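Student: I am new to this structure. Please take me through it and say what each term rests on.

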Amino acid sequence: MTAARTLVSPSQLRTPGGKTVYVIVFVCTFALFTLAFLFPLYWAVTGAMKSPAELAATPATIVPREWHPESFSEAWDQMDLGKYFLNTVVVAGGAWLVQLAVDVPAAFALSKLRPKFGNVVLGLMLVTLMLPAAALLVPTYVTVTDLPLLHLNLINSPAAIWLPAAANAFNIYLLKRFFDQIPDELIEAARLDGAGPVRTLWTIILPISRPILAVVSILTIVAAWKDFIWPLLVFPDTGKQTLSVMLQRVAIDMPLNLLVAGMVLASVPMIVLFLVFQRQILAGLTAGSIKG
Amino acid sequence: MSSPRSGNVLDWPAVTPRAGRPAASPAERRRARLKRRLRENLTAYTLLCAALVVFAMFSWYPIVRGVLLSFQQVDFVNPPTWVGFDNFVRLFADPLFGVAWRNTLLFTGFALVFGFLVPFVAAVLLNELRHARAYFRLAVYLPVMLPPVVTALMWKWFYDPGPGLFNSALNAVGLPGLQWLDSSTTAMLSLVFVSTWANMGSTTLIYLAALQTIPGELYEAAELDGAGMWRRLRHVTFPQTRFVLLVLLLLQIVATMQVFTEPYVMTGGGPDDSTVTVLLLLYRYAFVYNDFGSASAMSLLLFVALGVFSAMYVRLTRRVE
């Protein structure tokens, strides 16, 4: 394996001393990372399976003395987790679909149709990225309670999450940048074949844009699943809340083992998503870091 | 196959000259081109209209509304009334206002020390390690995937002075336990740990990506010039990643100034108001006291503070470049 040259020189690494140091550093880092990042997760999963008495005892046990995997099903029933999972799926899935339906055509129009004032529109969208999200919390909340012109109240409706989420300048920017790289010749060929813009978007652009669509989709779904403050504000009706808001609400009254079990269950979809879509998630991460 | 000079590649629909037609006069051709351009723009704006509506309603309008609200009193029954700077005066008179800013700056300061240094060290370290790279990436990023409420509740339980994980660990090695969230001196720092743990995955991996773009020849050349490891770190690694470091530093400051979930879920602002942050106070004004005017004034102050800071930061760092 020829690794890229880094800080430590290969010749240094090849000496016996270098090898020893490398092994020591590697083992320490491995242990530290496991302890810092995986052990807490282990602690939560096993903690959920301890009996309430064992969970409250000091000192804590590393391996449960008795295993109670039934806490998971008990937590599911007691917290009505099925309902809250469904709520969260509706919120995240809807945010995803609305986002794609709104942002993809917009990015396509800005990238390939280049209408008059297109740059102004894009600029106005990008400006919103400079604003700290917190600065818009209250006015957006006030807007959602009484939509301008329409006078609809979106409180307790998932649309209160879907629509503001679609106003995502970052995703439009990512999509536009990808569309910009698609050669104009390809689109012109489609035009000569008699395809209109919508057809071209659907049959030519979307199929070759799968990588960026995957990145944007994942970013949106993960963000919607993790969000807390906005769902907290727009779902005062406890039956409509998402998992995060519900867990926070019941945290004080719930027996600890059941609460921890509920927390573990609420995290499973995100962990699975990460394990499956690692590449897209990490690609989105570095796409997010401004390239110089 | 070059696109026409009009700039638009998509001259829909295809305009092919038809045989047997008399040549169009220049005026007619101009009118045809104008019509075509109109149609193109119409198509483009049709595709854009959904985005324009959501941006107008949930982004651009709230920006304006937020500024207006800062100078209004709103009770949702009567129409809003103009109150000038009353909202700001009320904020300044609130003893918690200063406390909240002080706490937030404290949080941001600590979060930078940890959230900036730890990920950088981790990234440099990971960049050197040749084995189990996928594992390291996975481990460091897992916490980022957890819903922040889960992270906060989980750590609240870890911090429990009795059977909590941390005090159990401390006791196991013969050290006395700490008060963690229950003492006003350590509570804020405890929140910083949570936030660092939860977010360092993304920072670390962004740094790592930046480190991997450094050409190996630079290190080789430095080595040939007799530069040891520390000097290579200082003269190659740092300058080569400076842009990413500076940008992330700014983004982190802006993000940590808006800390909310950890104090809201873990301490509720206590003990003794030691973890009341700007956003927590803003939340209280809006959704506990129902004073949307003052809450908006708070947002405006936060926005101005961060805006001024960002502008200064960009200016200063540009001079450094």
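Student: Where is B:Ser294 found?

Tutor: B:Ser294 is found in helix 12 of chain B, residues 292–320. Helices here are DSSP runs of H or I, at least four residues, numbered from the N terminus. This is a predicted model, where local features need pLDDT of at least 70, side-chain atom pairs count only at pLDDT 80 or more, and totals for chains, interfaces and linings use all residues. Residues are numbered from 1 along each chain as its sequence is written, chains are lettered from A in the order in which they are written, and side-chain values use heavy atoms, with hydrogens and water left out.

Student: Why is B:Ser294 called buried?

Tutor: Buried means under 20% relative accessible area, exposed over 50%, partly exposed in between (1.4 Å probe, protein chains only). B:Ser294 has 0%, so it is buried.

Student: What is B:Ser294 in contact with, leaving aside its neighbours within four places in sequence?

Tutor: B:Asn87, B:Arg90, B:Leu91 and B:Tyr285. Contact means heavy atoms within 4.5 Å. The C-alpha atoms of B:Ser294 and B:Phe88 are separated by 6.7 Å, though these residues are 206 apart along the chain.

Student: Why is A:Ser51 called buried?

Tutor: A:Ser51 has a relative accessible area of 11%, so it is buried. A:Ser51 sits in the loop between helix 2 (16–48) and helix 3 (52–56) of chain A. Beyond neighbours within four places in sequence, A:Ser51 is in contact with A:Glu66 and A:His68.

Student: Which residues of helix 8 of chain B are buried?

Tutor: In helix 8 (residues 216–224), B:Gly216, B:Tyr219 and B:Ala222 are buried.

Student: Why do the buried residues of helix 8 of chain B line one face?

Tutor: Seen down the helix axis, they fall within an arc of 125 degrees, so they line one face. The arc is that of the directions from the helix axis to the C-beta atoms. On the other side of helix 8 of chain B, B:Glu217 and B:Leu224 are exposed. Helix 9 (229–256) of chain B is included in what covers the buried residues of helix 8.

Student: How many residues are in contact between chain B and chain A?

Tutor: 101 residues of chain B are in contact with 115 residues of chain A.

Conventions: Helix = DSSP H or I, 4+ residues; strand = E, 2+ residues; numbered from the N terminus.
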